[in-house]
Amino acid sequence: MPAIIRAAGLVRAFGDFRAVDGIDFEVQEGEVFGMLGPNGAGKTSTIRMISCVLPITAGELYVDGLDVRFHDREIKARLGVVSQEDSLDEDLSVAKNLAVYARYYGVPRAVGRARIAEGLALMQLDDRRDARIDELSGGMKRRLVLARALMNDPRLLVLDEPTTGLDPQARHLVWRKVRLLRERGVTILLSTHYMDEAEHLCDRLMIMDHGRQLAAGTPRALIEQHAGRDVLEVHPTEAQRPQVLAYLTSAIGAGGRIDEIEDVIYAFGTNDEQARRVATIVGDPYRVHFRRANLEDVFLTLTGRALVE
Amino acid sequence: MTTTTATRPPPPGPRTPVTGSTRRREWGVVPALGVAIPGRQSFTVWQRNCDVFLQLWKAEFIPPLLEPLIMFAALGLGLGTYVQLTGDVEYMEFLGPGVIAMFSMFAAVFEGLWGAYFRLDKHGTYEAILATPTRPEEITAGEILWAASRGAMNAAMILLVMLALTPVYGLVSSPLAILTVPVAFLAGVSFGALGQAYVSQARSVSQLTYFFSLLVMPMFWFSGGFFPLDEFPAWASTAAWFTPLYHAVELNRALVTGNIGWGDMEHLAWLVLVLPPLVWLALWTMRRRIVG
């Protein structure tokens with residue numbers, strides 16, 4: 001099956017600064033592909049190049065088989081974009097926002113009306129049809145932007161940090177909507193700096209930092225490959241720190257590794273027994289966690305830094 | 001026998017794509033111009049502004065009726081009684097054509113400056129439009145057309161006010177006065193284009209005020225709308241000649257009074273010929289602001 005997005009050696013420079021510094025990836029039809037990385041990793045620039053809003057500096061980028069340099073209109077017609085900022089039209093009502101948007105896509109009026117009704121129902125906004133934008137909560141605005149991105153029945157939905165700034169409840173509702181769309185067969189590219197979002201939603205993802213791709217694969221494969229099965233996370237007091245570090249250094253074999261972020265110690269390649277020993281040193285079971293590794297740990301392993309600072 | 005045409009081999013020739021060079025233009029940009037030629041999406045952008053306007057039309061229609069009335073009262077009835085013009089022209093009559101041009105300019109400038117700036121920088125309207133099959137040049141073209149439309153609407157409103165006052169003050173003396181509406185549109189395109197070019201460089205709302213104080217207000221006072229420029233030093237009337245408003249005022253005066261001659265074609269020609277460079281400047285600067 002041909003890839004919906006194919007990037008090779010993709011670069012975007014702003015003066016001397018390379019926001020995207022030579023990345024290669026493919027997004028297949030029907031999958032949810034994630035870009036996980038901290039702010040400044042180059043996620044938004046990549047998304048803006050895909051949506052033909054930012055010209056590429058070098059490399060190749062094909063969307064649905066079309067070169068982004070020459071087919072801006074055709075590509076834009078096939079994409080639905082949810083940008084980081086809501087960018088809703090504050091001067092227009094909820095339904096009118098969708099109607100005006102459908103018009104930019106040249107959607108016939110009758111089709112547009114049906115899609116507006118469908119989109120509002122799907123995003124649970126039916127009862128807000130005539131509301132003004134400033135009457136909506138943050139979560140409602142996000143869902144309205146999602147509904148707006150569906151007005152042209154896109155081949156590919158692009159979500160730039162879809163839940164940044166939302167409270168947990170609104171966030172889970174947006175996730176549910178994204179999963180619903182995936183079940184309907186919509187191909188989705190999403191960027192996020194939340195590892196739980198990436199883990200929940202993405203079939204495959206790439207981890208980015210400083211405009212480069214650090215690793216790519218399914219969430220599970222990435223975790224197994226880079227972080228192992230389990231992680232021992234210790235929050236010692238300053239007095240206990242040397243003792244904990246000394247013990248872990250001696251206990252962990254060649255396959256293990258110790259990282260420190262702020263005042264937290266992360267030990268990879270440990271076992272149950274070692275976790276119990278550390279717990280006796282620290283004395284407080286709530287400050288020692290022997291847990292499953294996650295994408296956060298993958299990022300830590302790859303960069304030595306935390307994903308969200 | 002009927003299949004011969006279908007099975008005929010393709011004619012020999014270069015195997016380059018038949019689409020030709022225009023297809024290879026990056027996002028439609030014409031190399032010699034540095035911008036794409038705006039297409040019909042410009043009209044969709046125009047429609048968006050029109051929709052917003054129509055939602056608020058009741059509120060939007062009051063000022064263009066009220067402001068010229070206030071000006072006629074203050075300057076025409078107040079100040080005008082002390083003004084003696086050469087010939088037997090009443091000051092109120094002299095003022096009328098200028099008021100149409102000046103308040104059309106205000107409408108176009110407000111829309112093309114503050115309205116456009118907020119859509120570009122504060123509300124993310126441009127960004128949202130750009131995600132659809134719309135090019136930056138089409139946003140600019142739509143905005144310019146809209147600014148010009150607002151100018152034309154204001155001209156029509158003021159003309160109606162003047163017609164209503166005509167039985168008393170003799171403000172309109174020629175049916176040609178109706179042509180002040182297209183004149184306002186024409187001048188509005190240049191104001192809209194100047195506005196887009198300026199907005200593309202603005203980094204804060206307060207910077208917009210400079211456009212107003214340094215360009216719009218001098219035009220307002222010194223374009224021959226309030227007093228004839230004949231008595232002014234030559235440099236002042238020369239400076240006025242380089243502004244769109246001066247030519248709109250002169251053209252309006254000829255149309256409203258009916259004293260129109262071939263000499264007035266100079267003003268029309270000026271208003272038309274200035275458009276290509278101004279519109280290009282707007283397209284080019286705004287494209288650079290949006291696309292980088």
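How many disulfides does the structure hold over all chains? I looked this up before anything else. The model is predicted, and the count over all chains is 0. As a reminder to myself, a disulfide is a covalent bond between the sulfur atoms of two cysteines.

Cys202(A) has a relative accessible area of 6%. Cys50(B) has a relative accessible area of 14%. I call a residue buried when this value is under 20%. Cys202(A) is therefore buried, and Cys50(B) is therefore buried as well.

Next entry: the sheet in chain A. I found an open sheet of 6 strands with mixed pairing, and I wrote down its order as β6-β7-β8-β3-β9-β10. Which strands stand at the edges? They are β6 (79-82) and β10 (212-217) of chain A. Each has a single partner strand, so one side of each lacks a neighbour in the sheet. I noted an average twist of 15 degrees from one strand to the next.

I also checked one pair of strands within this sheet. In chain A, β3 (residues 32-36) and β9 (residues 204-209) run parallel and are joined by 4 bridges. For Met35(A), I found the bridge partner in β9(A) to be Met206(A).

Last entry: helices on the sheet. Helix α8 (residues 219-226) of chain A packs on the sheet and touches β9 and β10 of chain A. I noted about 110 degrees between the directions of α8 and β10(A). Helix α11 (residues 295-303) of chain A also packs on the sheet, where it touches β3, β9 and β10 of chain A. The direction of α11 makes about 40 degrees with that of β9(A).

How values were computed:
Residues are numbered from 1 along each chain as its sequence is written. Chains are lettered from A and ligands numbered from 1 in the order in which they are written. This is a predicted model: local features need pLDDT of at least 70, side-chain atom pairs count only at pLDDT 80 or more; totals for chains, interfaces and linings use all residues. Side-chain values use heavy atoms; hydrogens and water are left out. Two strands pair if DSSP finds at least two bridges between them. Helices (H or I, at least four residues) and strands (E, at least two) are DSSP runs, numbered from the N terminus. Axes are lines fitted to C-alpha atoms, for helices over the stretch in contact, and angles run from 0 to 180 degrees between N-to-C directions. Contact means heavy atoms within 4.5 Å. A disulfide is a pair of cysteine sulfur atoms within 2.5 Å. Buried means under 20% relative accessible area, exposed over 50%, partly exposed in between (1.4 Å probe, protein chains only).
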